[in-house]
Amino acid sequence: MEVFIKDNEIATKNLNPGIKVYDEKLIQDGEAEYRVWNPRRSKLSAALLNGLSGMKLEEDSKVLYLGASTGTTVSHISDILTDGLIYAVEFSPVSMKKLARLAEKRSNILPILADATKPKYYLNKVEKVDLVYCDVAQEKQSELFMKNMDLFLKEDGQGLITIKARSIDVVQKPKKIFKDESAKIKQHGYSILEKIKLEPYEKDHMAFLVEKSF
């Protein structure tokens, strides 16, 4: 995965030089231009800055992104996947308008207006992927993540989910919630490769990198 980390900043090589997506800082390095990846606007950036190291994301990878929103994180994955494709699933029509405009400028993004809890509705639109990425803050987030993994993940693929504890239970301690969600994932037949806390960028969040158990 081609990302650049320096002085606690992370950046990706801009697929569309001179064009910003969300008012991010642009850095020129010779003929190349890089977009600073704001960890307070992207949980994946926060996870990478906090030590996530085992995620396999190559230039020709295919990614199913659940909870794409307006495309902040999607745009940086798009920078990396110069020969790949992102199936970007988003439920909100308002967010989808911005995501669709982003996809007009980046041919490796395929926006899908759909509910990630009901993957059968986009079953005929998505092929097998190398990575399922889930950023859907709701009570059943790990369940919908695994449902999509079961349907779309390649045998040697990976999944990454960012768990927001307060979306699952506002009373239970985050540590207990993360332990319970971890157990659910393992019971479903997946191994957890890495667990990364997202503080100080996101409070009570943890990212889980997983793969199928064999």
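1. A residue is called buried here when its relative accessible area is under 20%. Glu194 has a relative accessibility of 14% and therefore counts as buried. The structure is a predicted model, and the points below should be read as describing that model.

2. Glu194 is located in strand E10, which covers residues 190–197. Leaving aside residues up to four places away in sequence, Glu194 touches Gly51, Leu52, Ser53, Gly54 and Met55, and also Ala207, Phe208 and Leu209.

3. Two backbone nitrogens lie by the side chain of this residue. That of Gly54 is reached by the Glu194 side chain at 2.5 Å. The backbone nitrogen of Ser53 is 3.1 Å from a polar atom of the Glu194 side chain.

4. Leu52, one of the residues that Glu194 touches, also belongs to the largest nonpolar core, which has 34 residues. Leu52 and Ile86 are the residues with the most contacts inside this core. Two or more residues come from each of helix H1 (43–49), E5, helix H2 (72–80), strand E6 (85–90), helix H3 (93–105), E8 and strand E11 (205–212). H1 gives the most, with 5 residues.

5. Which residues does Ile86 touch, not counting those up to four places away in sequence? They are Val63, Tyr65, Val74, Ile77, Ser78, Leu81, Asn108, Ile109 and Leu110.

6. Aromatic pairs come next. The count comes to 3 aromatic pairs. One of them joins Tyr65 and Tyr133, with 4.6 Å centre to centre and 35° between the planes, and it is tilted. Tyr65 lies in strand E5 (residues 62–66) and Tyr133 in strand E8 (residues 129–134), so this pair ties together parts that are 68 residues apart in sequence. Both partners fall under the 20% cut-off and are therefore buried: Tyr65 has a relative accessible area of 2%, and Tyr133 is at 0%.

7. Tyr122 and Phe152 form another pair, with ring centres 5.8 Å apart. Their planes are at 15°, so the pair is stacked, given that planes under 30 degrees apart count as such. Tyr122 is in the loop between strand E7 (109–113) and E8, while Phe152 is in helix H4 (residues 141–152); the two are 30 residues apart, and the pair links distant parts of the chain. Both residues are buried.

8. A last point on separation: Phe152 and Glu194 are 42 residues apart in sequence. In space, C-alpha to C-alpha, Phe152 and Glu194 are 21 Å apart.

Definitions and conventions:
Residues are numbered from 1 along each chain as its sequence is written. This is a predicted model: local features need pLDDT of at least 70, side-chain atom pairs count only at pLDDT 80 or more; totals for chains, interfaces and linings use all residues. Side-chain values use heavy atoms; hydrogens and water are left out. Rings of Phe, Tyr and Trp (its six-membered ring) pair if their centres lie within 6.5 Å; planes under 30 degrees apart count as stacked, over 60 as edge-to-face and the rest as tilted. Helices (H or I, at least four residues) and strands (E, at least two) are DSSP runs, numbered from the N terminus. Buried means under 20% relative accessible area, exposed over 50%, partly exposed in between (1.4 Å probe, protein chains only). Contact means heavy atoms within 4.5 Å. A polar contact is a pair of N or O atoms within 3.5 Å; within protein, one must be able to donate a hydrogen and the other to accept it, and residues adjacent in sequence count only if both atoms are side-chain atoms. A nonpolar core is a set of buried Ala, Val, Leu, Ile, Met, Phe, Trp, Tyr and Cys residues joined through side-chain atoms within 4.5 Å.
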